Amino acid sequence: MDQATFDARYFERFYERQGTRVYSAAQVENLARGVLGMARWLGGRVETVLDVGAGTGLWGSYLKAHEPAVRYVSIDGSEYACTKYGHAQHDIAKWRSAERFDLVVCQGVLPYLKDDDALSAIDNMAAMCRGFLYLEAITSRDIREVCDVSKTDIEVHRRPGSFYRRALASHFVEMGCGLFYEKSGPLAFYELEAAAG
């Protein structure tokens, strides 16, 4: 997608305006609390978080208020979002930090990327993950059956869930609810904790 797509008008509609935003701060607080809680319940530590496509920075706001000891790093491909919300500007399809993070969060980014870039982004996130990945990526089925199109940008690459699962499977164990754990990590899970694979 063209970077001009992710300008002030885009953010105002999908993230800042109450009636059309995808998620409220309260919804992201519930999500962050749940993801962190589940990662810790499963035996993981969460001392560092990388937020890929951080947008308005709701994960960062939650962590600052409720988990101040967690080191938070945020990136976004949008010049507008980086300027307004203070993220580092990086294209996740091309950028890979040498640092590894206990939790990598990626909400709504991959469907905007072409197939090869989405696969590169998954490889890059896997290389930077030393624990858990929380991934949200709408699929063609989601657009047909789940998404509220008044609050969801559906001008994306419409792919089946199998596209993402195949790419993630070489790096991660799927835990369910968008949570994945690095395959080479030290944690062991009960059979019913991980999705059947």
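Q: What covers the buried residues of α7?
A: This is a predicted model. In it, the cover over the buried residues of α7 includes α5 (115–128), β5 (129–136), β6 (172–176) and β7.

Q: Which residues of helix α7 are the buried ones?
A: In helix α7, which spans residues 161–169, they are Phe-163, Tyr-164, Ala-167 and Leu-168. These residues lie on the same side of α7, because the arc they cover around the axis is only 120°.

Q: At what angle do α5 and α7 pack?
A: The angle is about 40°, and the axes of the two helices are 10 Å apart.

Q: Is their crossing left-handed or right-handed?
A: The crossing of α5 and α7 is right-handed. On the α5 side the contact is made by Asp-115, Ala-118, Leu-119 and Ile-122, and on the α7 side by Phe-163, Tyr-164, Ala-167 and Leu-168.

Q: Turning to charges, how many salt bridges does a search of the whole structure find?
A: It finds eleven salt bridges. As background, side chains of opposite charge can pair when their charged atoms come close.

Q: Which residue forms a salt bridge with Arg-100?
A: The partner is Glu-182, with 3.1 Å between the closest N and O atoms. This pair links distant parts of the chain, 82 residues apart: Arg-100 is in the loop between β3 (88–89) and β4 (101–107), while Glu-182 is in strand β7.

Q: And Glu-182, does it count as buried or exposed?
A: Glu-182 counts as buried, because its relative accessibility is 8% and the cut-off for buried is under 20%. Arg-100, by contrast, is partly exposed, with a relative accessible area of 34%.

Q: What about Arg-33, which side chain does it meet in a salt bridge?
A: The side chain of Arg-33 meets that of Glu-29, at 3.9 Å from N to O. Both residues belong to helix α2 (residues 25–41), and because they are four residues apart there, about one helical turn separates them. Arg-33 is partly exposed at 40% relative accessible area, and Glu-29 is also partly exposed, at 29%.

Q: Next, Arg-141: which residue does it form a salt bridge with?
A: Arg-141 forms one with Glu-145, the closest N and O atoms being 3.4 Å apart. The two are four residues apart in helix α6 (residues 140–145), which means that they are separated by about one helical turn. Glu-145 is exposed, with a relative accessible area of 54%, whereas Arg-141 is partly exposed, with 43%.

Q: Which residues are linked in a network of salt bridges?
A: Arg-45, Asp-102 and Arg-130 are linked in such a network.

Q: A change of topic: where is Gly-185?
A: Gly-185 is placed in the segment after β7, the strand that spans 179–182.

Q: Why does Gly-185 count as buried?
A: Its relative accessibility is 15%, and the buried class takes in values under 20%, so Gly-185 counts as buried.

Q: How far apart are Gly-185 and Ser-170 in sequence and in space?
A: They are 15 residues apart in sequence, and the C-alpha to C-alpha distance between Gly-185 and Ser-170 is 13 Å.

Note on methods:
Residues numbered from 1 in each chain as written. Predicted model: local features only at pLDDT ≥ 70, side-chain atom pairs only at ≥ 80, totals over all residues. Heavy atoms only, no water. Buried < 20%, exposed > 50% of the residue type's maximum accessible area, 1.4 Å probe, protein only. Salt bridge = Lys/Arg side-chain N within 4 Å of Asp/Glu carboxyl O. Arc of directions from axis to C-beta. Contact = heavy atoms within 4.5 Å. Axes fitted to C-alpha atoms, helices over the stretch in contact; angles between N-to-C directions. Left-handed = near helix turned anticlockwise from the far one by under 90°.
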